[in-house]
Amino acid sequence: MNCEEAQELITALIDDELSERESASIKSHLEQCVRCQAMHQQERALKAEVRMAAASVTAPADLRKKILLGLGSVPEQGGIPKEREGPGWLSQLALRPVFVFALLLLLLLPAVYLMRPKELSIPLFALESHQKIVERSLAYVAEENEEKLKAELLRSVEGRFAPMGYDLSMMGLRPVGGTVQEISGRKILVTLYEGTAPSLTCYTFLGTEGDVPKEAALFTDPEKRIDFYTFSRGGVNGVMHREGKVICILVSKLPMPELLALARSKAQPTPPPL
Ligand SMILES: [Zn+2]
C-alpha cells in the first residue's frame with residue numbers, strides 16, 4: 001500500500017468501516033510511515049473534538065455525568081457527587097489528563113459558542129433599522145437634492161455601486177436623506193423616501209441569493225424574469241431582488257402587495273455581463 005492509498009482509507013479506518021484485510025494493510029503502512037501516521041492522528045483528534053463538541057451541545061448534562069462517572073465521583077444513581085477526599089480526588093484527576101481536558105472543554109465550549117459573533121443578516125437588519133431611520137434615531141444625513149444624495153452615497157463606497165435611486169414621485173414619496181451602514185465588512189447604502197405615503201427605505205448592497213432570509217417567500221416576475229423575495233417582521237415589510245451583483249431591499253409599512261408591486265415596477269432585469 002502506498003501513501004495515497006493509505007490516506008484515502010484513513011477516515012474509514014477511524015470510522016471502523018474497513019474490512020479486516022484493508023485494516024491490516026493500512027495499519028502496517030502506518031507503522032512504517034510517519035507522514036501517514038501523523039495524518040491519522042490528526043484526523044482522529046479532530047473527530048474526537050467534533051464528537052465532544054456535538055455531545056456537549058446536545059446533551060451537556062449527560063456528558064458531564066459521563067465525565068464525572070469516569071472520575072468515579074458520581075454515585076450510580078446520579079445526583080449530587082458526594083464530597084470526596086480532597087487530595088485523593090485531585091491526584092486522581094491529575095492521572096486522567098483526558099478527563100481534565102474534557103472538563104476544560106465542557107467549561108469553555110459554551111463561552112466559545114456565546115462569544116462567536118452571530119452573522120447579522122442584512123435583510124433583517126433592514127427591517128429592524130427602517131423604523132430607526134424614519135425616527136431619525138440612526139445616524140442619518142438629510143439631503144433633499146436627489147443627485148447630491150446619490151453622489152454622496154456613491155462616494156462612500158468608492159463608486160463600486162450606486163444606490164438604486166428609484167423615482168417614487170408617483171406615490172408621493174421623495175428622497176429626503178440617507179446613510180451608509182456596515183455589516184460584516186459590507187457597506188449598505190440606505191435612502192429614505194418620505195411624503196404622503198408611508199415612509200420607505202431602500203437598501204442597496206453587493207450580495208448574492210445567499211443573503212435571502214430563510215423565511216422569505218419567493219415571487220418570480222414572469223415578464224422581467226426577476227426573483228423577488230418577501231419577508232416581514234413586526235408590521236414592517238421587505239421586498240428584496242438582485243440586479244447583477246447589486247441587491248436592493250425596499251422596506252416599508254406599506255401592505256406587502258403594494259410594496260411588491262412597487263419593487264416589480266422599478267426593478268431592472270439583470271444586465272448582461274460586461
Ligand atoms: Zn504513507
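## Helix α9

Leu259, Leu260, Leu262 and Ala263 are the buried residues of α9 (buried: 20 or more other C-beta atoms within 10 Å of the residue's own; exposed: 12 or fewer; C-beta atoms placed from the backbone). Because these residues cover an arc of only 160° around the axis, they lie on the same side of α9 (the arc is that of the directions from the helix axis to the C-beta atoms). Pro257 and Ser265, on the other side of α9, are exposed. The cover over the buried residues includes β5 (217–221), β6, β7 and β8. Helices (H or I, at least four residues) and strands (E, at least two) are DSSP runs, numbered from the N terminus.

## Model and numbering

The model is predicted: local features need pLDDT of at least 70, side-chain atom pairs count only at pLDDT 80 or more, and totals for chains, interfaces and linings use all residues. Residues are numbered from 1 along each chain as its sequence is written.

## Largest nonpolar core

The largest nonpolar core has 38 residues, and Ile249 and Leu250 touch the most other members. Such a core is a set of buried Ala, Val, Leu, Ile, Met, Phe, Trp, Tyr and Cys residues joined through C-beta atoms within 7 Å. Elements that each supply at least two residues include α7 (122–134), α8 (146–156), β3 (186–195) and α9 (256–266). The largest share, six residues, comes from β8.

Leaving aside neighbours within four places in sequence, Ile249 is in contact with Pro123, Ala126, Tyr203, Gly238, Val239 and Met240 (contact: C-beta atoms, placed from the backbone, within 7 Å).

Conventions: Two residues are in contact if their C-beta atoms, placed from the backbone, lie within 7 Å.
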